[in-house]
Amino acid sequence: MPLQIAPKLKAKTADQWMVALTGHLYPGEFVWALARTTVMRPQCDGLAITNARVLAFSGRDVAAKGPKRAIDADNISRFDLPTFGAAKQLVITTRDNQQLYFGILQGTDVAFVSHFVHQLGIAGLPAGMRGAHQPKPGTSEAEPVVAIQPKSEESTDADRKDAEEHAAAAQSVAPPPNGQKSTKAGKILLGIVSLIAVFGFIGLVGTIATDEEALRSEKSSPETALTPATTPSLTTTTPLQTTTTAASTSPTAEDGSIAAALEQAGATPEMVDAMGVVAEETGYIPAPSDLQQRQEFTYLIVLLCRDISSGATTWENSINEDIFHGAATEDAQRLNDYARTDFCPRVPPNDSGTTTPAASSAPADLAPIVLTTNVQIEGQSVAVSGTVPLPDGAKLSVSLFRIKYFGYSDEEHYGASTSTTATVLGEQFSATMADDPQKARDSADAYNVGEPPERQIRISDWVVVSVSFDPRDDQPQSVVSAVGGEDSPHLANSPQADEFGGLTDDPYWMLKVETKLELPFRP
């Protein structure tokens, strides 16, 4: 099938990206579709959906460094396109409930990207590739962020039917609406920077990254994530859940563009141009930049301003994270100082134009469903047990994360060590996991090669054990009924209730308990 190009991507740029990506594909892997995206830590401006993976990369250095974020088709559980302000972001949830942020998408590209990610999740990894590839040390197939579930408003039932037919064949993919064809490739040299994996700062969920998956190409790093929504699922047998989020009711957000998001945030064209000048001079975006590059960068600075205002991060950590991801110290200092003193004081702390529904409330006379946990560590073994008043067969996700730091920043990032599933029996559950310190060490060592201290990963002596219950994660019907259905209103009054999808039009309740413990790191 000919390469398909998103409506917002120029064919010449797509040709350049294809040449640069070629050396980083698996044997037998080929690119289905290309689109623009905007991510910054790590910096990415390109999105590729292949017959095996979703890849995010920087057009400026993909030839040398490869994709900076990737997820295999078999690891896709669901994806989401949440609305934040006037923009939409792509967030993919992995099989072990990690959320990976793949950036901001432009209006008409949303349906295009949704179409191909949907098809990939249904088709899965081609049989010949399963087990045939292993992530190289220092590379990653998944890098976290928080979750949601999608389907663009512009996608149609016909798209979904088409996706299922092609998934069954698993040989080809039908072109989506508005797709373009690329005929030949040239040399690469294009680079727009993207910013922060927005949600690490927004604090929607948490920073959860998988070591083996989080560093797939060369320098990539764990980030954070989002929350979900729901629309009609494809089929009961489909492993991929897809949903969409409602568009903001704000008149300025109707077209879903970055320009509309900036207008809604009070960022004037003069502010965008001024920020663009500083970003060019400090190397955050290429010079000369175009209007779209300046708008995308400025919008993500708006989100940073709000994170600073809410206390989700600090200017010191923002500078350290920028340095960790490659900015020169003086450039990181200058850009953040400009944002702090000139730009952010003119940005309102909240996006008042966006409203989303709250998750359902529990009946007033309902006793809370309480999740208790007990964690015991012996050597490298971690034993988890607990109680929860749910029917037999309820499934709990139990995960072990190693806390690590990027450069001189003191923000905690989670590197997945291992995970398992515990099944409830008689309102009790238990699971045992073994920490794999060598995995963390190999990942960090591969990343740190040739890097100065301010750009190295530091592994701590602390771990986090997470136990969660997700009513939409392949639970028996008796369990779903016990929590009041898929929206799980009966969990709302639990002390461990965790609203999932708070920025979407389909929030629901989960249960989650995280325990931070000292487990000395001895690889």
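Predicted model: local features only at pLDDT ≥ 70, side-chain atom pairs only at ≥ 80, totals over all residues.
Let me start with a term: buried means under 20% relative accessible area, exposed means over 50%, and partly exposed is in between, using a 1.4 Å probe and protein chains only. Hi everyone, and thanks for coming.

Residues are numbered from 1 along each chain as its sequence is written, and side-chain values use heavy atoms, with hydrogens and water left out.

Where is E427 found? Look at the loop between β16 (413-423) and β17 (428-434); for those labels, helices (H or I, at least four residues) and strands (E, at least two) are DSSP runs numbered from the N terminus. E427 has a relative accessible area of 43%, so it is partly exposed.

D474 is another residue with a positive phi, about 55° here, and again not a glycine. You will find D474 in the loop between β18 (457-469) and α13 (477-482). It counts as exposed because its relative accessibility is 58%.

D474 forms one of them with K395, and the closest N and O atoms are 3.2 Å apart. K395 lies in strand β15 (residues 395-406) and D474 in the loop between β18 and α13, so this pair ties together parts that are 79 residues apart in sequence. K395 is partly exposed, at 31% relative accessible area.

Stay on strand β15 for a moment. R402 lies in that strand and D435 in the loop between β17 and α12, so these two tie together parts 33 residues apart in sequence. Their side chains meet in a salt bridge at 2.6 Å, N to O. D435 counts as buried at 8% relative accessibility, and R402 is buried too, with a relative accessible area of 2%.

Now over to R53. Which residue forms a salt bridge with R53? The partner is E29, with the closest N and O atoms 2.8 Å apart. R53 lies in strand β4 (residues 53-57) and E29 in the loop between α1 (11-21) and β2 (31-39), so parts 24 residues apart in sequence are tied together. R53 is buried, with a relative accessible area of 0%, and E29 counts as buried at 7%.

K516 lies over the face of W462, at 5.5 Å from the ring centre.

Last, ring against ring. Rings of Phe, Tyr and Trp (its six-membered ring) pair if their centres lie within 6.5 Å; planes under 30 degrees apart count as stacked, over 60 as edge-to-face and the rest as tilted. A search of the whole structure finds 7 aromatic pairs. One of them is F324 with Y447, stacked at 5.4 Å centre to centre with 5° between the planes. This pair links distant parts of the chain, with F324 in helix α10 (residues 315-324) and Y447 in helix α12 (residues 437-448), 123 residues apart. Both residues, F324 and Y447, are buried. Elsewhere, ring pairs link W32, F112 and F116 into a cluster.

Happy to take questions!

Note on methods:
Lys NZ or Arg CZ within 6 Å of the ring centre and 35° of its normal. Salt bridge = Lys/Arg side-chain N within 4 Å of Asp/Glu carboxyl O.
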